[in-house]
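Have the model open as you read.

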Amino acid sequence: MFNLYNKYIFTPGPVKMYESTLKLGSIQTPYFRNEEFSQIVFECEKILLEILNAPKGSRVLFLTASGTAGMEASIQNLLNTEDKALVINGGGFGQRFVDICNIHNIKNYNHQINDNNLKNTEELEVYKDATALLVNAHETSVGILYDLESIGKFTKKYNILNIVDAISMFITDKLDMQEQNIDVVITSSHKGLALPPGLTMVVLSPMAIKKINPKHQLYFDFNSYIKDGERGQTPFTPAVLIILQLHDRLLNIKKEGISFHNNKARDIAEYFRKEIEKLPLEIYSNFMPNAMTTLSPLDEKSASDIVRDLERRYNCVLTPNGGELKDKVFRVSHMGDMTKEYVDILIDALYDYYKISRGE
Ligand SMILES: *Cc1c(COP(=O)(O)O)cnc(C)c1O
């Protein structure tokens, strides 16, 4: 047995998976170039479009890759050298969008921000000649959820293609393509959807579909995915088992309702934040998503030491930060199959670690 097993998982991807997902992970991978598998893909697409409230005529592309491939493929397929992208850069993932633009020679405004959720978009007015906006709805490196309503109003006003990396907030936080004026949603299997890593979905509105560049690459050519998707297939071998797991998960989410899942994550996040109030830890961001809590030590302890100790002594896996935030913050995810009982394991571990009693 690897020592990787049997840990309590509080990382923002991969996240704790549901029992039925784990069961499906152990079956023989079926052949997929047939009608039966096509129906599964069609149903996944249909439910995804429903829970995203996507505009009529939107499509879902299923890419076999991690989330960053969805970010890069979207830029390669939807933007060209005539475009000017406005990147909302509030941390590591915003910077990744800037890096992708630069590698592919896409002109870009790099708008760096800190502890600002852009509820007020006045500061974006200077970029109104941009043709596309790139934002990570939840900037996972620091735990900031941007105000997608305000950003959507801004992009609509100036006819800017609104490309949203929703990877770390889909399912746990509100995402609505029509209400929030979103043209492209990028999401991935191993965050809020609570599946293994390896599948990334790009959802395109009809306006985004019109912008797809002519074919200039093979594997991630969106035109091929659109065309093969019409018969419920992908151009190349997909992550078959993850698609089966996705199908199972989506049926459940549809049955329970997406707002049930948003609320469940909110309740878990609020419970955790309330229960740790007595500890010498401070909430790091003013604009936290339901998906995750970012904490900063109030005492002399280093955040990365806390993460190391919690894993060694209590088997609870949290996420440290790198760079200049290494000692300042760590992160606790609320995505996936979370219950209060499961979160209690971490809360009790933290109280024991600080040798403070949890009760009154
Ligand atoms: C996890 C994540 C990604 C994708 O990272 P991969 O390692 O490629 O899966 C992209 N954007 C955000 C905001 C993320 O949290």
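By class, how many nonpolar, polar and charged residues does the lining of the largest cavity have? That lining has five nonpolar, five polar and two charged residues, where Ala, Val, Leu, Ile, Met, Phe, Trp, Tyr, Cys and Pro count as nonpolar, Asp, Glu, Lys and Arg as charged, and the others, Gly among them, as polar.

Before going on, note that this is a predicted model, with local features needing pLDDT of at least 70 and side-chain atom pairs pLDDT 80 or more, while totals for chains, interfaces and linings use all residues. Residues are numbered from 1 along each chain as its sequence is written, and side-chain values use heavy atoms, leaving out hydrogens and water.

A cavity here is a set of points on a 1 Å grid over the protein atoms alone where a 1.4 Å probe fits but cannot get out, and lining residues have an atom within 4 Å of a point. The largest cavity has a volume of about 100 Å³, and its lining includes Tyr18, Arg249 and His334. Helix α9 (residues 258-275) supplies the largest share of that lining, four residues; helices are DSSP runs of H or I, at least four residues long, and strands are runs of E, at least two.

Now for the ligand. It's surrounded by 13 residues, with Ser66, Thr68, Thr140, Asp165 and Lys191 the closest; being near means having a heavy atom within 4 Å. A polar side-chain atom of Thr68 sits 2.5 Å from a ligand oxygen. α3 gives the most to this shell, with three residues.

Terms used. Polar contact = N/O pair within 3.5 Å; in protein donor to acceptor, adjacent residues only side chain to side chain. 1 Å grid on protein atoms, 1.4 Å probe; cavity = no way out; pocket = protein on both sides within 12 Å on 5 of 7 lines; lining within 4 Å. Points joined across faces, edges and corners; volume = space filled by probe spheres on them.
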